[in-house]
Amino acid sequence: MEKYSRRKLLQLSLISSVAGILGISSSLVKALALTPTPSETEGPFYPVINQKDKDADLTQIEGYINHADGQFIVISGRVIDVSGRPVGKAMLDIWQADANGRYRHPRDPNKSRLDHNFQGWAVIQTDEEGLYRFKTVMPGAYPASSTWTRPPHIHVKIFKPGYVALATQMYFPNQELNKSDLLLSQKSAIEQSAMIAMEKAREGNIIFYEYNIILDLLRN
Ligand SMILES: [Fe+2]
């Protein structure tokens, strides 16, 4: 499924470029447009207390000696629009639970220990090519109710003037809890494949994932 999405994405991006060169009508290109990344609820744990360090390395807070606990991961990818064009200078607002499944949020009822060395929140930008990258830890699963455990996920909001703002959640492959999650399981198979990152490599103690995001254009 993931391979299909990637191939389709590349094909449509190419079609869009070729259509532009050949002067093919924009309505034809529009009919072939990519599907925007599915949206998902922000949930109750968007940060409410501001913090100085919101950089792209969530594994260490500026001025702290120790690193966060857990499996270090690097997420990278490209933000594009529905016609396959890169979205440069888009803002990504990223927040997640620590390796213990605990949010740095005063109303998180989870009794797990808060990792005080984990940054928990980042605000970063894509470059001119639409590329972004951040380093973090694999978020822990956490109880959303007595019968529902959320799988590891990272919350992301993406903004750029001229595009529909997107709030979504990024999931991880090969997570048993993905199947029983009351949010992710509501999505179609194609939507789920768009919301689950792809593992790209393992080097040293870091796992690298790719997660691409497709934004819709704001139409007046
Ligand atoms: Fe969450």
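A nonpolar core is taken here as a set of buried Ala, Val, Leu, Ile, Met, Phe, Trp, Tyr and Cys residues joined through side-chain atoms within 4.5 Å. The model examined is a predicted one. Its largest nonpolar core holds 33 residues. Among these, I75, L92, Y132, F134, I158, M170 and I213 touch the most other members. Two or more core residues come from each of β1 (72–81), β2 (91–95), β3 (121–125), β4 (131–137), β7 (153–159), β8 (166–171), β10 (206–210) and β11 (213–215). Strand β1 gives the most, with five residues.

The surroundings of M170 were then examined. Neighbours within four places in sequence were set aside. M170 is in contact with I75, Y132, F134, P152, H153, I154, V156, M195, A197 and Y211.

Strand β10 is largely enclosed by the rest of the structure, because five of its five residues are buried. I206, F208 and E210 point one way from the strand. I207 and Y209 point the other way. Strand β10 runs parallel to β1, and five bridges join the two. Within this pairing, F72 has I206 as its bridge partner. Strand β10 also pairs with β9 (residues 198–203), in the antiparallel sense and over five bridges. Here I206 is the bridge partner of E203. Two residues lie between the strands in the hairpin of β9 and β10. In this hairpin, G204 takes a positive phi near 60 degrees.

M91, V123 and F159 make a nonpolar patch of about 210 Å². V123 is placed in strand β3.

Notes
Residues numbered from 1 in each chain as written. Predicted model: local features only at pLDDT ≥ 70, side-chain atom pairs only at ≥ 80, totals over all residues. Heavy atoms only, no water. Buried < 20%, exposed > 50% of the residue type's maximum accessible area, 1.4 Å probe, protein only. Helix = DSSP H or I, 4+ residues; strand = E, 2+ residues; numbered from the N terminus. Contact = heavy atoms within 4.5 Å. Patch = residues over 30% accessible without salt bridge, like charges linked within 9 Å, V, L, I, M, F, W, Y side chains within 5 Å. Areas by Shrake-Rupley, 256 points an atom, 1.4 Å probe, with all protein chains shown as cover. Salt bridge = Lys/Arg side-chain N within 4 Å of Asp/Glu carboxyl O. Pairing = 2+ DSSP bridges.
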